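Here is a short tour of one protein chain. Keep the structure open as you read.

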Amino acid sequence: MKKTDNFFVIHNFNTVPTELLAYCNEYLIYDCSTDASIKETLKTEGFHVKSVENTGHNITSYFLFFAENYDQLPEVMCLLKGNMIGRHCSKAFFDKVYDEKSFTFLYDEKQYWDKFSKYKENGEKNESGNTFIAMENVYVEKNDSWYTASENHPKKYFNDADDLLRFIYKKPMIPQYFMFASGACYIVRREQILRHSREFYLNLNKIMNYGMNPSFPSEAHQIERILPIIFNSLSEVQDYMNDEAAFEAKLPECSAYIQYKYENRPRKFKKLRQTLGLIK
């Protein structure tokens with residue numbers, strides 16, 4: 001197998017990603033493993049490893065790489081999870097795409113094709129739902145931010161992806177559906193990353209790494225869904241996105257808005273019930 005000159009940025013948790021390393025010449029592993037034996041193996045084998053905090057997801061590792069290497073980014077980068085093959089895509093799929101030089105969704109779950117395609121294997125039409133697959137490797141989901149209701153993924157700054165997009169961009173288009181790679185693994189080009197400043201990525205990390213209570217923040221789920229927008233949109237970002245101090249000064253407003261909506265939720269429901277004549 002030919003090794004690619006694409007640079008592999010690998011977010012790793014309790015895995016020794018030797019299978020991925022067989023595909024590339026250059027790489028960096030951002031390791032947040034909690035298994036001491038894994039950490040020792042990565043060290044003794046001499047892998048290129050940078051230890052990072054476990055934020056519960058992989059996007060913070062990607063954004064950290066962009067910020068730390070902003071002035072010397074590789075031309076093409078594969079953004080990967082150490083356990084991606086077999087979880088988010090098949091080996092057969094990755095064998096075909098690992099050397100691609102254009103923006104590529106690294107997602108492939110053929111077991112769901114019959115469920116999400118227009119037609120079932122018997123030729124009958126599937127019912128339209130809130131999720132489906134566009135092409136063979138692009139996951140599509142209705143923009144209803146269903147995941148923000150999870151108690152396992154609390155939200156601190158943004159109620160949903162709509163609020164997040166309005167915070168990042170000056171005049172965003174709020175899509176009815178998001179197209180993304182489930183698992184947030186992609187091939188991206190340097191010029192896509194350079195659409196935004198170093199500070200932009202550092203700032204976005206601040207809304208995804210505020211703690212595991214009990215698991216990673218809802219905001220990480222939101223950013224997972226808008227990653228293709230971040231990598232491809234030409235929309236103008238808010239000025240504070242390029243200024244760390246201004247960004248941090250803005251965040252308390254987001255927290256206050258979340259709290260306001262939470263505190264006023266029963267009041268709003270009471271007013272609605274009164275309007276419907278259900279209570280006096």
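## A covered helix

The buried residues of H3 are covered by parts that include E1, E2, strand E4 (76-81), helix H7 (190-193), helix H8 (198-206) and H9. Helix H3 spans residues 59-68. Eight of its 10 residues are buried, so H3 is largely enclosed by the rest of the structure.

Which residues of H3 are buried? They are Ile-59, Thr-60, Ser-61, Tyr-62, Phe-63, Phe-65, Phe-66 and Ala-67.

The mean pLDDT of the chain is 88. Of its residues, 90% reach 70 or more. Over residues 272-280, however, the pLDDT is below 50. Beyond near neighbours in sequence, this stretch has five contacts in the model. Where pLDDT is low, the predicted coordinates should not be read in detail.

## Aromatic rings

How many aromatic pairs does a search of the whole structure find? It finds 23. One of them joins Tyr-23 and Phe-94. A pair of aromatic rings is described by the distance of the centres and the angle of the planes. For Tyr-23 and Phe-94, the centres are 4.8 Å apart and the planes are at 75°. The pair is edge-to-face.

This pair links distant parts of the chain. Tyr-23 sits in the loop between helix H1 (18-21) and strand E2 (27-31). Phe-94 belongs to helix H4 (residues 91-97), and the two are 71 residues apart. Both Tyr-23 and Phe-94 are buried. Elsewhere, ring pairs link Phe-63, Phe-66, Phe-103, Phe-105, Tyr-186, Phe-200, Tyr-201 and Phe-231 into a cluster. Phe-63 and Phe-66 are among the buried residues of H3.

## The largest pocket

The largest pocket has a volume of about 550 Å³. It is lined by 27 residues. Closest to its centre are Gly-56, Lys-81, Arg-87, His-88 and Phe-216. The lining divides into nine nonpolar, 13 polar and five charged residues.

Strand E1 (7-12), strand E7 (138-142) and helix H9 (218-232) each supply at least two lining residues. Which element gives the most to the lining? H9 does, with four residues. H9 is also among the elements that cover the buried residues of H3.

## An exposed alanine

Is Ala-36 buried or exposed? Ala-36 has 57% relative accessibility. The cut-off for exposed is over 50%, so Ala-36 counts as exposed. Ala-36 is found in helix H2 (residues 36-44). Ala-36 and Asn-14 are 22 residues apart in sequence. In space they are 8.7 Å apart, C-alpha to C-alpha.

Note on methods:
Residues are numbered from 1 along each chain as its sequence is written. This is a predicted model: local features need pLDDT of at least 70, side-chain atom pairs count only at pLDDT 80 or more; totals for chains, interfaces and linings use all residues. Side-chain values use heavy atoms; hydrogens and water are left out. On a 1 Å grid over the protein atoms alone, a cavity is a set of points where a 1.4 Å probe fits but cannot get out, and a pocket is an open set with protein on both sides within 12 Å along at least five of seven lines; lining residues have an atom within 4 Å of a point. Grid points are joined across faces, edges and corners, and a volume is the space filled by probe spheres set on the points. Ala, Val, Leu, Ile, Met, Phe, Trp, Tyr, Cys and Pro count as nonpolar, Asp, Glu, Lys and Arg as charged, and the others, Gly among them, as polar. pLDDT is the predictor's confidence in each residue, from 0 to 100. Contact means heavy atoms within 4.5 Å. Rings of Phe, Tyr and Trp (its six-membered ring) pair if their centres lie within 6.5 Å; planes under 30 degrees apart count as stacked, over 60 as edge-to-face and the rest as tilted. Buried means under 20% relative accessible area, exposed over 50%, partly exposed in between (1.4 Å probe, protein chains only).
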